[in-house]
Amino acid sequence: MSKILLFAGTTEGRHVAEFLNRYGLPAVVCTATEYGKCQIPSGGMLDVRSERLSAEEMARLMLEHEISLVIDATHPYAVLVSENIQSACEQTGTEYLRLLRPAEKVGEESIVVDSVEEAVEWLKHSEDRVLVTTGSKELAAFTAVPDYQNRLFARVLPTPGVVARCAELGFDAGHLIAMQGPFSLELNLAILRQTGAKILVTKESGKNGGFEEKAEAAREAGARLLVIGRPPESLQQKDKAARGYSEGEVCALLAERYGISVRQEVTIAGIGMGQPDNMTAEVQKAILRADVLIGAERILKAAKELLGEENRTPCFDAYQPEAIREFLDAHPEYEHAVLLQSGDTGFFSGAKRLFQILSGREIHVLPGISSVVYLCAKLRISWEDVCLLSMHGRKANGTDAVRHHRRTFLLLGTKGGAAAFCGELCRYGLGQVKVTIGEHLSYPEERIVTGTAEELVGQTFETLCVILAENPAPVSRETAGLPDEAFVRGKVPMTKREVRAVSLSYLGLQEDSVAWDVGAGTGSVSVEMALHAWNGWVYAVEQKEEGIELICANALKNGCANLTPVSGRAPEALQKLPAPTHVFVGGSGGALEQILRTALEKNPRVRVVVNAISLETIAEAARCLRQLPFEEPEIVCLRADRSKVLGNSHLMLGMNPVYIFAATGGGYHEQE
């Protein structure tokens with residue numbers, strides 16, 4: 001197999017070297033410094049060297065080792081080195097690939113110059129302290145800045161030679177920061193504050209070069225960012241290969257050219273509450289052996305604390321499954337990817353969606369300690385009887401859960417959500433329920449507060465928090481057909497108990513259904529729908545103002561926080577509503593066909609129940625269900641008699657017969 005020559009002067013170059021070594025591809029790897037050489041895995045199929053070469057020396061090396069492919073992974077600012085590599089490739093007729101890290105966006109508030117010399121000229125007109133992070137190679141130019149020995153602080157590599165050269169330039173120990181990166185946002189911020197620097201000088205070194213962390217630290221510290229822009233490298237290059245490939249594209253090209261089958265192993269790991277001590281040993285081990293860590297920024301921060309500042313494991317800030325898949329597809333060099341989830345992978349996490357998105361890859365799942373387990377342990381109570389809900393990025397009827405369960409646990413994620421939830425409990429008659437709210441669980445600033453909903457409603461809590469509500473007197477779930485006395489009555493017609501029970505039986509609601517009650521009247525059917533679909537939502541559409549008031553009163557009386565009154569006339573009022581899974585039509589106002597068409601447009605498989613009393617409505621319902629795309633309907637004529645006491649006797653009095661039509665969308669449209 002012919003050899004590859006890799007010039008590895010960047011983090012990306014090191015990753016490619018590891019890829020070559022992992023798959024046994026013979027290569028000569030050149031670094032400019034001994035320190036750079038130490039970062040490359042030695043042994044195997046790699047011949048690692050540390051030396052600065054001229055174009056002629058590069059050409060001799062290519063011929064001597066019969067190099068067939070040269071990969072230029074030098075720093076974006078090492079223009080002269082790249083020119084020498086290209087020249088040597090032209091002399092020897094060797095294929096050239098440029099690995100060029102993507103540029104980072106520079107903020108409008110930053111000062112951008114084209115060279116070190118321009119940066120020095122700009123600094124001559126300032127009296128502020130300066131943190132220079134461009135390395136030791138060009139540090140001599142900054143000695144032209146007036147009073148540089150007192151104003152400038154230089155961050156350089158911690159090698160004896162570098163430190164000695166900086167000392168010769170006049171940088172004493174108090175103004176020299178000899179450290180090896182990568183540098184986190186927190187470390188950059190600490191250095192800026194410690195030195196009092198109001199200007200941070202950097203090159204636009206890309207994500208792997210830590211540009212983002214430096215820019216954010218400067219913003220937080222109130223310092224200005226002086227950016228030395230990238231040289232116009234692409235203007236000097238002639239073809240697509242020279243214009244640059246990403247790290248992932250280079251590795252993918254190598255895999256295809258040399259017949260390498262790269263199969264990514266993905267571990268989805270729950271990190272618990274966030275503190276490293278809170279992670280399981282299995283999860284810690286996975287993080288330590290990962291080729292790349294993927295997760296939301298706050299979760300990656302916890303992993304970085306475990307790894308330490310010296311660790312160079314690349315991280316990708318993402319939590320959307322599609323973005324994660326695109327990243328992994330673009331980076332086949334990462335064989336062991338660890339996707340970090342907060343808490344436990346099986347407790348309201350994104351793991352379920354990731355299983356679908358990442359199908360075809362080898363996936364391992366490592367559980368973590370969930371917030372419900374942690375909080376209940378803190379409170380010294382068991383959690384096997386807890387009702388678990390999440391209101392973080394989703395809808396959930398927490399009030400109904402508290403009403404019907406002895407213990408309810410909720411994840412919250414909206415600003416003011418905890419106080420708002422306590423307020424909702426109070427509105428629905430649950431103000432005396434015991435509520436425990438947990439913030440920053442497992443962290444030094446952990447806060448756990450307990451009180452009644454009434455006591456906590458006026459307090460302020462973190463956006464991300466958890467709640468454990470304990471109801472000593474939960475009520476059992478109601479069966480279909482609540483007594484008519486359960487509702488506030490008015491002059492608006494109300495569907496009787498017997499009709500409600502049969503109609504709801506045919507409607508077939510699920511606990512998470514999204515339902516419409518059209519012509520809701522007093523809201524008696526709406527309330528029963530909301531009680532059945534307790535983790536869904538019900539929209540009660542009514543055009544009469546008195547009816548809307550009665551719906552609100554009955555929702556409060558029966559604890560239906562998942563019932564929304566909608567004032568308006570159907571079908572116009574239905575246009576803004578979400579797609580229904582179920583629709584009950586108790587009153588159509590002569591617009592039955594338009595109501596059913598609107599429901600079908602939003603959900604072709606909608607389940608509908610229509611109640612009809614008048615002969616005209618019965619005929620209209622039969623026609624609509626025959627002509628619109630519904631499956632064969634079920635039709636029931638319900639006649640109920642109720643007893644009435646007359647002296648010592650009970651007389652049975654008949655109620656008006658009601659026709660109940662039930663059908664599911666998805667049938668064939670019958671032509672007229």
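S588 sits in the loop that runs between β25 (582-585) and α23 (592-602); helices (H or I, at least four residues) and strands (E, at least two) are DSSP runs here, numbered from the N terminus. The model is a predicted one, where local features need pLDDT of at least 70 and side-chain atom pairs count only at pLDDT 80 or more, while totals for chains, interfaces and linings use all residues. Residues are numbered from 1 along each chain as its sequence is written, and side-chain values use heavy atoms, with hydrogens and water left out.

Back to S588. With a relative accessible area of 17%, S588 is buried; the cut-offs are under 20% for buried, over 50% for exposed, and partly exposed in between, using a 1.4 Å probe and protein chains only. Follow the chain for 22 residues from S588 and you get to V610, yet the two C-alpha atoms are 9.1 Å apart in space.

Now look at the second largest pocket, which has a volume of about 730 Å³. Here is how such spaces are found. Rolling a probe the size of a water molecule over the atoms shows where empty space is left. Grid points are joined across faces, edges and corners, and the volume is the space filled by probe spheres set on the points. The second largest pocket is lined by 31 residues, and P493, T495, G519, G586 and G587 are the closest to its centre. The elements giving two or more residues to that lining are β22 (514-518), β23 (537-542) and β26 (607-612). Sorted by class, the lining holds 15 nonpolar, 11 polar and five charged residues. For that sorting, Ala, Val, Leu, Ile, Met, Phe, Trp, Tyr, Cys and Pro count as nonpolar, Asp, Glu, Lys and Arg as charged, and the others, Gly among them, as polar.

β26 also takes us to strand β30 (residues 658-664). β26 and β30 pair in the antiparallel sense over six bridges, where pairing requires that DSSP finds at least two bridges between two strands. In that pairing, A612 stands opposite Y659 of β30. β30 also pairs with strand β27 (residues 634-638), again antiparallel, over five bridges, and here Y659 is the bridge partner of C637. Six of the seven residues of β30 are buried, so the strand is largely enclosed by the rest of the structure.

Strand β1 (residues 3-8) pairs with β4 in the parallel sense over six bridges, with L6 opposite I71. β4 also pairs with strand β5 (residues 95-98), parallel over four bridges, and there I71 has L97 as its bridge partner.

Next comes an open sheet of five strands, in the order β17-β18-β21-β19-β20, with mixed pairing. Its edge strands, each pairing on one side only, are β17 (386-391) and β20 (447-452). On average, neighbouring strands of this sheet are turned by 15° against each other, direction ignored; the axes are lines fitted to C-alpha atoms, for helices over the stretch in contact, and angles run from 0 to 180 degrees between N-to-C directions. β17 runs parallel to β18 (residues 407-412), joined by six bridges, and M391 stands opposite L412.

Most residues other than glycine have a negative phi, and most peptide bonds are trans. In the loop between β19 (434-439) and β20 you will find H440, which has a positive phi of about 50° although it is not a glycine. H440 is partly exposed, at 32% relative accessibility. S442 is found in the loop between β19 and β20 too, with a positive phi of about 85°, but at 18% relative accessibility S442 counts as buried. Elsewhere, a cis peptide bond joins A570 and P571, with omega about 10°; P571 is in the loop between β24 (563-567) and β25.

Conventions: On a 1 Å grid over the protein atoms alone, a cavity is a set of points where a 1.4 Å probe fits but cannot get out, and a pocket is an open set with protein on both sides within 12 Å along at least five of seven lines; lining residues have an atom within 4 Å of a point.
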